[in-house]
Number of protein chains: 2
Amino acid sequence: MNAPVRNPKSAAGTRSDSVYAGLRRAIIEQALMPGDKLTEDVIGERFGVSRTIVRTVLARLHAEGLVDMQPNKGATIAQPSLSEAQDVFEARMCLERQVLVRLAERVTDDDIERLQKHVHLETKASEHDGPAAIRLAGEFHILLASLSGNSVLARYVDEVVSRCSLILALYSRPHSSDCSINEHQQIIDALRAGNSQAAIDAMDHHLKAVTDRALLSSTSDKHRDIRSILDRYAS
Amino acid sequence: MNAPVRNPKSAAGTRSDSVYAGLRRAIIEQALMPGDKLTEDVIGERFGVSRTIVRTVLARLHAEGLVDMQPNKGATIAQPSLSEAQDVFEARMCLERQVLVRLAERVTDDDIERLQKHVHLETKASEHDGPAAIRLAGEFHILLASLSGNSVLARYVDEVVSRCSLILALYSRPHSSDCSINEHQQIIDALRAGNSQAAIDAMDHHLKAVTDRALLSSTSDKHRDIRSILDRYAS
DNA sequence: CTCATAGTTTTTGTATACAATCTCGCATAC
DNA sequence: GTATGCGAGATTGTATACAAAAACTATGAG
């Protein structure tokens, strides 16, 4: 039923990793929308694991701010309030600035090339694959953070970027990526030139543009059936 | 066996919260030392809960970087490498600066008073209660972050400060608090005067002093028996 | 028609059972 | 004496069982 994936990545559980990855991707790509109910049985059934595993995964996603949990009422995709959203953006700005400060003084040609390659990927995906484009836009920032060489910074950036996907799903037009690829290119160019201040300015401008897109749209339907969606992410 | 604590705090589980709090405090106060084995059965027995609960708690502590987990080998109190330690300190510096930037422009007299009260607590504890002094020193920074009004910042500061306790346990003299109370007072004074730059400078100096205390001492014994320690934290 | 209510079904919280894996001691060979 | 296997016991990974709580449905009163 499920491929015997061996992902010797990091955490405790072993089988939970694939469920975690799938669910997370579904959220990031905005296939699952804020407010959607995450029933343990449903997820377990679709991914071919028991509730024990699902529960671990949901707790993890909750810790990252991607799902809300209420005692005795279960889990839903998080619906950050406007104030939470602002907090996330401010923290993100602070963290990504530090990433650029580090990168400016230690980025290698190899790093630049990887970044450039990623932007090409983004460009390609932007033309036909909506969901992947959203994910890739975020992953550019995650790649930056990971290249910075500070694992703590990398983890936190990963988290805030993911939460931003959620925020955009809530407050912006549906399926909008949170990044114009052009601005990513500007950051790379500034880094290549060794101009840390320009890179930071570009990032500031970039994130400010994203923040301003808060326009409050639909709060989603009552009880969507997530079964068919999960199937696409249970690979 | 266990007090029926009702802690309607935040997360998913209900009973797990008290185990989480107890275990966390034991780590912060350096009663449990880096490397100590955290056997699920032992913890469950001491806290009067099943392994299911313990497992949730350990996963949560792992996500926060306080415990290491290896597949099929279980959990131990985290032993951050020197490089991880540096990453934590750098992230902490970055986050706490932002906290002060925010505080400088919105701190109230009431906030100042709470901070001042906390430092008094620290002073009192420093004279007789070693473990509590360590915890209170960290909690000063957590209080600062929570007063900043940014929940994301607050959560991350909480995390890095906790990890710093661990780092100090590993690399500094045993039972040393990571803060001289005097420096906390300087930060309060700067905030009271509305001098944000002075506050940030004081914080920079403060954290730099902490960072420099990395001196690498003992890596702890092979297999300590944590049972008696847990009893003190299973209240 | 709206509201309240009782009973049924669904879903969550927790404990426990069982298999897979690891640890450690002990015997044996070299 | 050191190293190599082997086996008993301990520990973890996962599924399942069961009780408590919530959600839903349908019925009846006003």
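This is a predicted model: local features need pLDDT of at least 70, side-chain atom pairs count only at pLDDT 80 or more; totals for chains, interfaces and linings use all residues.
Figure 1. You'll find A:Ala133 in helix H6 of chain A, which covers residues 130-147. Which residues does A:Ala133 touch, once its neighbours within four places in sequence are left aside? The contacts are A:Ala125 and A:Ser126. Now look for A:Glu29: along the chain, A:Glu29 and A:Ala133 are 104 residues apart, yet 8.3 Å separates their C-alpha atoms.

**Figure 2. Two loop residues with a positive phi, one in each chain.** Let's start with A:Gln30, which isn't a glycine but still has a positive phi of about 65 degrees. A:Gln30 sits in the loop that links helix H1 (16-28) to E1 of chain A. Over in chain B, B:Asn72 also has a positive phi, about 65 degrees, and isn't a glycine either. The loop that holds B:Asn72 runs between E2 and E3 of chain B. So, buried or exposed: what is A:Gln30, and what is B:Asn72? A:Gln30 has a relative accessible area of 5%, so A:Gln30 is buried. B:Asn72 has a relative accessible area of 82%, so B:Asn72 is exposed.

Figure 3. The 3 strands here make an open, antiparallel sheet, and reading across chain B the order is E1-E3-E2. Which strands are the edges of this sheet? They are E1 (37-38) and E2 (67-70) of chain B, and each of these pairs on one side only. Helix H3 of chain B (residues 51-63) packs on the sheet and touches E1, E2 and E3 of chain B. Compare directions and you get about 110 degrees between H3 and E2(B). Zoom in on E1(B) and strand E3 of chain B (residues 74-77): they run antiparallel, joined by 2 bridges. For a landmark, find B:Leu38, which stands opposite B:Ala75 in E3(B).

**Figure 4. How chain A and chain B are related.** In general, a rotation about an axis and a shift along it relate two copies of a chain.

**Figure 5. The protein around DNA strand C.** There are 21 residues around DNA strand C, and the ones that come nearest are A:Arg55, B:Thr14, B:Ser50, B:Thr52 and B:Lys73. Take B:Ser50: an N or O atom in its side chain is 2.7 Å from a phosphate oxygen of DNA strand C. B:Arg15 joins in with a polar side-chain atom, 3.2 Å from a sugar or linking oxygen of DNA strand C. A:Glu40 uses its backbone instead, where an N or O atom lies 3.2 Å from a phosphate oxygen of DNA strand C. Two or more residues of the surface near DNA strand C come from strand E1 (37-38) of chain A, from helix H3 (51-63) of chain A, and from H3 of chain B. Which element gives the largest share? H3(B) does, with 3 residues. Of the DNA strand C atoms within 4 Å of the protein, 72% are sugar or phosphate atoms, while the rest are in bases.

**Figure 6. The protein around DNA strand D.** Here 22 residues surround DNA strand D, the closest being A:Thr14, A:Ser50, A:Thr52, A:Lys73 and B:Arg55. Where do bases come in? In the side chain of A:Thr52, an N or O atom is 2.7 Å from a base nitrogen of DNA strand D. B:Arg51 also has a polar side-chain atom by a base nitrogen of DNA strand D, at 2.9 Å. At the phosphates, look for B:Glu40, with a backbone N or O atom 3.3 Å from a phosphate oxygen of DNA strand D. At least two residues each of the surface near DNA strand D are supplied by H3 of chain A and by E1 and H3 of chain B. H3(A) provides the largest share, 3 residues. Among DNA strand D atoms within 4 Å of the protein, 70% belong to sugar or phosphate and the rest to bases.

Note on methods: Residues are numbered from 1 along each chain as its sequence is written. Chains are lettered from A and ligands numbered from 1 in the order in which they are written. Side-chain values use heavy atoms; hydrogens and water are left out. Helices (H or I, at least four residues) and strands (E, at least two) are DSSP runs, numbered from the N terminus. Contact means heavy atoms within 4.5 Å. Two strands pair if DSSP finds at least two bridges between them. Axes are lines fitted to C-alpha atoms, for helices over the stretch in contact, and angles run from 0 to 180 degrees between N-to-C directions. A residue is near a molecule or strand if one of its heavy atoms lies within 4 Å of it. A polar contact is a pair of N or O atoms within 3.5 Å; within protein, one must be able to donate a hydrogen and the other to accept it, and residues adjacent in sequence count only if both atoms are side-chain atoms. Buried means under 20% relative accessible area, exposed over 50%, partly exposed in between (1.4 Å probe, protein chains only).
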